[in-house]
Amino acid sequence: MVLIWDHQRPPGGLCASPSCQNVYLTQGSGLPRRYCSRRCATRERVASHRRSRAAR
Ligand SMILES: [Zn+2]
């Protein structure tokens, strides 16, 4: 699916989780989001935590 968001401000974003990549809509006011859901945010935070620990 090609999104024509290049010259527009997107109404949302692409989930930063590589295993998800859902398109999500930003909802009202609030913090800028990188993930489509809290579930993805939590999963990726745990994953990056594991990666950083495994690197050592
Ligand atoms: Zn997601």
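Visitor: Where is Gln-21 found in this chain?

Guide: Gln-21 is found in the loop between strand E1 (12-14) and strand E2 (23-25). Helices (H or I, at least four residues) and strands (E, at least two) are DSSP runs, numbered from the N terminus. This is a predicted model, in which local features need pLDDT of at least 70 and side-chain atom pairs count only at pLDDT 80 or more, while totals for chains, interfaces and linings use all residues. Residues are numbered from 1 along each chain as its sequence is written, and side-chain values use heavy atoms, with hydrogens and water left out.

Visitor: What is the phi of Gln-21?

Guide: Most residues other than glycine have a negative phi. Phi of Gln-21 is near 55°, a positive value in a residue other than glycine.

Visitor: Is Gln-21 buried, exposed or partly exposed?

Guide: Buried means under 20% relative accessible area, exposed means over 50%, and partly exposed lies in between (1.4 Å probe, protein chains only). Gln-21 is partly exposed because its relative accessible area is 47%. Of the 56 residues of the chain, 16% count as buried.

Visitor: Which residues are the protein donors of the zinc ion?

Guide: Donors are N, O and S atoms within 2.8 Å of the metal (3.2 Å for Na, K and Ca); water is not among the atoms, so sites may look incomplete. Here the donors are the SG atoms of Cys-15, Cys-20, Cys-36 and Cys-40, lying 2.3 Å from the zinc ion. Their spacing in sequence is C-x4-C-x15-C-x3-C.

Visitor: What geometry does the site of the zinc ion have?

Guide: Four donors count as tetrahedral if all angles lie between 85 and 135 degrees. The site of the zinc ion is tetrahedral, with angles of 104 to 116° among its four donor atoms.

Visitor: Which residues form the largest nonpolar core?

Guide: In soluble globular proteins, nonpolar side chains tend to be buried together. A nonpolar core is a set of buried Ala, Val, Leu, Ile, Met, Phe, Trp, Tyr and Cys residues joined through side-chain atoms within 4.5 Å. The largest one here has five residues: Cys-15, Tyr-24, Tyr-35, Cys-36 and Cys-40.

Visitor: With which residues is Cys-36 in contact, leaving aside its neighbours within four places in sequence?

Guide: Contact means heavy atoms within 4.5 Å. With those neighbours left aside, Cys-36 is in contact with Cys-15, Cys-20, Asn-22 and Tyr-24.

Visitor: How many salt bridges does a search of the whole structure find?

Guide: A salt bridge is a side-chain nitrogen of Lys or Arg within 4 Å of a carboxyl oxygen of Asp or Glu. The search finds one. The side chains of Glu-44 and Arg-43 meet in a salt bridge, at 3.5 Å from N to O. Glu-44 is buried, with a relative accessible area of 10%, while Arg-43 counts as partly exposed at 36%.

Visitor: Where is Glu-44 found?

Guide: Glu-44 is found in helix H1 (residues 38-54). Leaving aside its neighbours within four places in sequence, Glu-44 is in contact with Ser-17, Pro-18, Ser-19, Tyr-35 and Arg-51.

Visitor: Where is the place of Ala-16?

Guide: Ala-16 lies in the loop between E1 and E2. Ala-16 is partly exposed because its relative accessible area is 32%. Ala-16 and Arg-33 are 17 residues apart in sequence and 9.1 Å apart in space, C-alpha to C-alpha. Beyond its neighbours within four places in sequence, Ala-16 is in contact with Arg-34 and Tyr-35.

Technical notes. Tetrahedral: all angles 85-135°; square planar, octahedral: opposite > 155°, others 65-115°.
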